[in-house]
Amino acid sequence: MKLSEAKNKLNQLETISFQLPNGELVPSHFHVTEVGKITKHFIDCGGTVRNEEVVNFQLWNANDYDHRLHPEKLVSIIELSEKVLGIGDLEIEVEYQGDTIGKFGLDFDGTHFLLTTKQTDCLAKDQCGIPAEKPKKQLSEIQAANSCTPGGGCC
């Protein structure tokens, strides 16, 4: 989800909730402790130099049960971050503390912001020797002419 989409959704909500991939909700007394721009400058295993930028939200579960973050407050934090940090309309990545700090993508289901799982991947498969995945075929797709039959003399 891009930052503009999140702000649009927030402007339509009365309360904010985040749902983890396992279906559990982040406790309603969470805080957004950071809104920032993360820049990753790296070389992939094929030698290509890459730059990636994302907006980062850090959610923190404090034992502060008397305060709730309201949508308009989060929008104002985002807008201040855009202005001060020069953040563009980037994809959002969310950090949340589980057993360790987890990084999630962000989506919306009409009620909750959904923390979505992220996967690692090789960005240079054609250069680092990872074989391409062979297409899978059903046995029913293999023509009889290409196979031995009992009594056919090919075995």
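Helices here are DSSP runs of H or I with at least four residues, numbered from the N terminus. With that in hand, let's walk through this model, which is a predicted one. The protein has two helices and six strands, and from the N terminus on they come in the order α-β-β-β-α-β-β-β. Of its 155 residues, 30% are buried.

Start with helix H1, which covers residues 3-10 and holds Glu-5. Glu-5 counts as partly exposed because its relative accessibility is 39%, between the 20% and 50% cut-offs. Glu-5 also belongs to a negative surface patch, together with Asp-89, Glu-91, Asp-107 and Asp-109.

Now hop over to helix H2, residues 71-85, where you'll find Leu-80. Leu-80 has 52% relative accessibility, so it counts as exposed.

Next, the charged pairs. Side chains of opposite charge can pair when their charged atoms come close. The structure has five salt bridges by the rule used here. Take Arg-50 and Asp-44, whose closest N and O atoms sit 2.7 Å apart. Arg-50 is partly exposed, at 26% relative accessible area, while Asp-44 is buried, at 7%.

Another of these bridges ties Lys-118 to Glu-93, with 2.9 Å between the closest N and O atoms. This pair links distant parts of the chain: Glu-93 is in strand S4 (residues 92-97), Lys-118 is in the segment after strand S6 (113-116), and the two are 25 residues apart. Lys-118 is partly exposed, with a relative accessible area of 41%, whereas Glu-93 has 8% and is therefore buried.

Then there's Asp-121, which forms a salt bridge with Lys-125 at 2.6 Å between the closest N and O atoms. Asp-121 counts as exposed, with 55% relative accessibility, and Lys-125 counts as partly exposed, with 41%. Salt bridges that share partners also join Glu-93, Lys-103 and Lys-118 into one network.

Last stop, the cysteines. A disulfide is a covalent bond between the sulfur atoms of two cysteines. How many disulfides does the structure hold? Zero disulfides turn up in this model.

Note on methods:
Residues are numbered from 1 along each chain as its sequence is written. This is a predicted model: local features need pLDDT of at least 70, side-chain atom pairs count only at pLDDT 80 or more; totals for chains, interfaces and linings use all residues. Side-chain values use heavy atoms; hydrogens and water are left out. Patches are made of residues with over 30% relative accessible area and no salt bridge: like charges are joined within 9 Å, nonpolar side chains (Val, Leu, Ile, Met, Phe, Trp, Tyr) within 5 Å. Accessible areas come from the Shrake-Rupley method with a 1.4 Å probe; for residues, only the protein chains shown count as cover. A salt bridge is a side-chain nitrogen of Lys or Arg within 4 Å of a carboxyl oxygen of Asp or Glu. Lys and Arg count as positive and Asp and Glu as negative; His and the chain ends are not counted. The place of a charge is taken as NZ of Lys, CZ of Arg, CG of Asp or CD of Glu. Buried means under 20% relative accessible area, exposed over 50%, partly exposed in between (1.4 Å probe, protein chains only). A disulfide is a pair of cysteine sulfur atoms within 2.5 Å.
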